[in-house]
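Here's a quick tour of the structure below, written for someone who likes to know the cut-offs behind the words. Have the viewer open as you read.

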Amino acid sequence: MPRKIIIDTDPGQDDAVAILLALASPEEIEVLGITTVAGNVPLELTAKNARIICELAGKPDVKVYAGCDRPMAKTLVTAEHVHGQTGLNGPKLPDPVMDLQDGHGVDFIIDTLRAEPAGTVTLCPLGPLTNIATAFERAPDIIEKVQEIVLMGGAYFEVGNITPAAEFNIYVDPEAAEITFRSGVPIVVMPLDVTHKALVTPARNDAFRALGTPVGTAVAEMTDFFERFDKEKYGSEGAPLHDPCVTAYLIRPELFTGRHINVEIEVISDLTRGMTVADWWGVTDRAPNAMFMGDIDADGFFALLTERLARL
Ligand SMILES: [Ca+2]
């Protein structure tokens, strides 16, 4: 039985690869719908980009909903400096023909969780947690129906990428992150500590390009585009594929290792706002609320990704 998921996303080249991996893996993953959120780029673009990716995958029937256009309390911060003006800079991809679904992404999350049997729907946030937290606030009855949340966000050893202390997804909407992490839903976290090890080396990018398909070419061109940023900033050997760690985990959880620990979100300090305060070393008695990943079998991850992308 494939696992039923809702992908909540702000594409983003790495979101795009995460979505492609999910859509290429129907044995393990059933995508009930995609909800988009303001994050890497504004909502209008993330809602468009999600549909561009579905069409690239040859899956124009996937339901795509637009969600929240701004964080719960803060002014929106975006990341065009990383992802380019469209969020999907790199390949030349056609504008989508498929329609955006009527209705709000938050309502889709609520309605889906109410309609499906309890414990059968996993939420996969790949951007700021605004849609998830808004749904939990508006409809608290759905919280106990969520099977699991598998998300990309936060950091412990890598600390921050948008500020010295905070990772982008959590920083953009820390209030939403706090609600999510305190919800009581089982959470699996793919922090920068993991995703900075999922680097698209030249050889790995050549493998995407060598697929010789529109998907393989587009993925190679997307990572070509956004690797320039990380190469300059970190001196790393390629772009980190943050968000695909989430969908890879649903297919091959054994690629990842981590610790079940307490994670709290800093929402008050101007200096460290959005920091994921992860009790990796168990120095408090705060109850564990998240499986916080720390390592990845990167070769296994890229082998999976290349094998699955070849199907599209
Ligand atoms: Ca993202």
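## Ground rules

Helices (H or I, at least four residues) and strands (E, at least two) are DSSP runs, numbered from the N terminus. Keep in mind that this is a predicted model, where local features need pLDDT of at least 70 and side-chain atom pairs count only at pLDDT 80 or more, while totals for chains, interfaces and linings use all residues. Residues are numbered from 1 along each chain as its sequence is written, and side-chain values use heavy atoms, with hydrogens and water left out.

## Val188 and its strand

Val188 sits in strand β6. With a relative accessible area of 2%, Val188 is buried (buried is under 20% relative accessible area, exposed over 50%, partly exposed in between; 1.4 Å probe, protein chains only). Skipping neighbours within four places in sequence, Val188 is in contact with Glu148, Ile149, Val150, Leu151, Tyr249, Met291 and Met293, contact being heavy atoms within 4.5 Å.

## The covered helix

Helix α7 (residues 174–181) is mostly covered, with seven of its eight residues buried. Those are Pro174, Glu175, Ala176, Ala177, Glu178, Thr180 and Phe181. They pack against α5 (130–138), β5, α6, β6 (187–190), β10 (263–265) and β12 (290–296).

Leu126 is in the loop between β4 (121–125) and α5, and Asp243 in the loop between β8 (239–240) and α11 (244–251), so the pair ties together parts that are 117 residues apart in sequence. Both Leu126 and Asp243 are buried.

## Two nonpolar cores

A nonpolar core is a set of buried Ala, Val, Leu, Ile, Met, Phe, Trp, Tyr and Cys residues joined through side-chain atoms within 4.5 Å. In the largest one, of 62 residues, Phe256 and Phe301 touch the most other members. Helix α1 (residues 13–23) gives this core its largest share, eight residues. Apart from it lies another core of 37 residues, including Val121, Ala177, Val189 and Val263.

Beyond its neighbours within four places in sequence, Phe301 is in contact with Ala198, Leu241, Pro244, Cys245, Ala248, Leu255, Phe256 and Ile296.
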